[in-house]
Amino acid sequence: METTKQLVLKAFRGFFGPIAGILLRAGVTWREVMDVAKTTYVDVASRDFGIRGRPTNISRVSILTGLTRRDVSRIRKLLERSDSNDVVDSMNHATRVLTGWHTDADFSSDNGAPLPLAKDGTQRSFDALCKRYVGDVPPTTMLKELIHVGAVETDADGNLVARKRNYMPRQLDAAQILSSGSVLEDLGNTVAYNLYRSSDDMPKFERRATNTQVRAADVPAFQNFLEQEGQAFLERVDAWLSDHEAAEDSGEATVRLGLGAYWIEE
């Protein structure tokens, strides 16, 4: 019978395969992957494996990871100086703007359709929308990005119109690459939580619907089905999250909360 470690390594090989494909296409060597693995090992061991709620000390991290104390100390110093969340945060800003445009009564119609907006100069303008939802991002920067990805266009009257509710980078740029990492991170966090949660904790939602005997000719029909039903469901989730969003000055404790959906085919 296989040990738990062997089973975990077998599972790791399965989900690392697609990641290896991404890395190889980007010209990343196995040595560079090992450097990232070392850094991530130290980061997770330091944050999540302390005793009685205390931060994990260098000696314990060394034992858990198999790295020397010197390596652990060096990597910890590097982690303290790094921050890779800036691009992902900007994506969250874009999503907030589009969500507000579709759900805020000041910027949408009675039936929930986003209204055409002047760029600036009025209370119902794109500048006002940005100031309400992402006050620290220049409206011109946000507009340029949303136009670039096809989420916003200019109509014949010179007003700005929303063409999409969700933000997704079109080109393989830094935002798209970090977005893919964020998706895998979210999924991995949920899987890890469900594996190791205590019996008293409720599992986090993690479901799949698959069938191994679907006709290949029906793949386009399935894609159309998901575009309609899946997108509509995610927009209802998005609306629920917006309805339960705390005011910025409320002082209430907040968490990042949401749901992801992904295509399965092999």
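Modeller: One term is needed before anything else: a helix here is a DSSP run of H or I covering at least four residues, and helices are numbered from the N terminus. In that sense, N194 is found in helix α8. Please also keep in mind that this is a predicted model.

Colleague: Thank you. How many helices and strands does the chain have?

Modeller: The chain has nine helices and two strands. Their order along the sequence is α-α-α-α-α-α-α-β-β-α-α.

Colleague: What does the C-alpha trace span along its principal axes?

Modeller: The C-alpha trace spans about 65 × 50 × 45 Å.

Colleague: And what share of the residues is buried?

Modeller: Of the 266 residues in the chain, 20% are buried.

Colleague: What share of the contacts joins residues 24 or more positions apart?

Modeller: Such pairs account for 44% of the contacts, counting those with a separation of 6 or more.

Colleague: Back to N194, please. Is N194 buried or exposed?

Modeller: N194 is buried, because its relative accessible area is 19% and the cut-off for buried is under 20%.

Colleague: Which residues is N194 in contact with?

Modeller: Setting aside neighbours within four places in sequence, N194 is in contact with P203, K204 and E206. With K204 there is a polar approach as well: a polar atom of the N194 side chain lies 2.8 Å from the backbone nitrogen of K204.

Colleague: Where does T65 lie?

Modeller: T65 lies in helix α3, which covers residues 58-65. T65 has a relative accessible area of 15%, so T65 is buried.

Colleague: What does the side chain of T65 reach?

Modeller: The side chain of T65 reaches the backbone nitrogen of L67, at 3.2 Å. Beyond the residues up to four places away in sequence, T65 touches Y41, V42, A45 and V72.

Colleague: A change of topic: how many salt bridges does the structure hold?

Modeller: The structure holds 10 salt bridges. One of them joins the side chains of D71 and R74, at 3.6 Å from N to O.

Colleague: Where do D71 and R74 lie?

Modeller: Both D71 and R74 are in helix α4 (residues 69-81), three residues apart, which is about one turn of the helix. D71 is partly exposed at a relative accessible area of 21%, and R74 is also partly exposed, at 42%.

Colleague: What about E245 and R96, how do their side chains meet?

Modeller: The side chains of E245 and R96 meet in a salt bridge at 3.2 Å, N to O. This pair links distant parts of the chain, since E245 is in the segment after α9 (219-243) and R96 is in helix α5 (residues 86-103), 149 residues apart. E245 counts as partly exposed, at 44% relative accessibility, and R96 counts as partly exposed at 24%.

Colleague: Which residue forms a salt bridge with R256?

Modeller: The partner of R256 is D186, and their closest N and O atoms are 2.9 Å apart. Because R256 lies in the segment after α9 and D186 in helix α8 (residues 174-196), the pair ties together parts that are 70 residues apart in sequence.

Colleague: Is R256 buried or exposed?

Modeller: R256 counts as exposed because its relative accessibility is 62%, and the cut-off for exposed is over 50%. D186, for its part, is partly exposed, with a relative accessible area of 29%.

Colleague: How many positive and negative side chains does the chain have?

Modeller: There are 33 positive and 38 negative side chains, and the centres of the two sets lie 10 Å apart.

Technical notes: Residues are numbered from 1 along each chain as its sequence is written. This is a predicted model: local features need pLDDT of at least 70, side-chain atom pairs count only at pLDDT 80 or more; totals for chains, interfaces and linings use all residues. Side-chain values use heavy atoms; hydrogens and water are left out. Buried means under 20% relative accessible area, exposed over 50%, partly exposed in between (1.4 Å probe, protein chains only). Contact means heavy atoms within 4.5 Å. Lys and Arg count as positive and Asp and Glu as negative; His and the chain ends are not counted. The place of a charge is taken as NZ of Lys, CZ of Arg, CG of Asp or CD of Glu. A polar contact is a pair of N or O atoms within 3.5 Å; within protein, one must be able to donate a hydrogen and the other to accept it, and residues adjacent in sequence count only if both atoms are side-chain atoms. A salt bridge is a side-chain nitrogen of Lys or Arg within 4 Å of a carboxyl oxygen of Asp or Glu.
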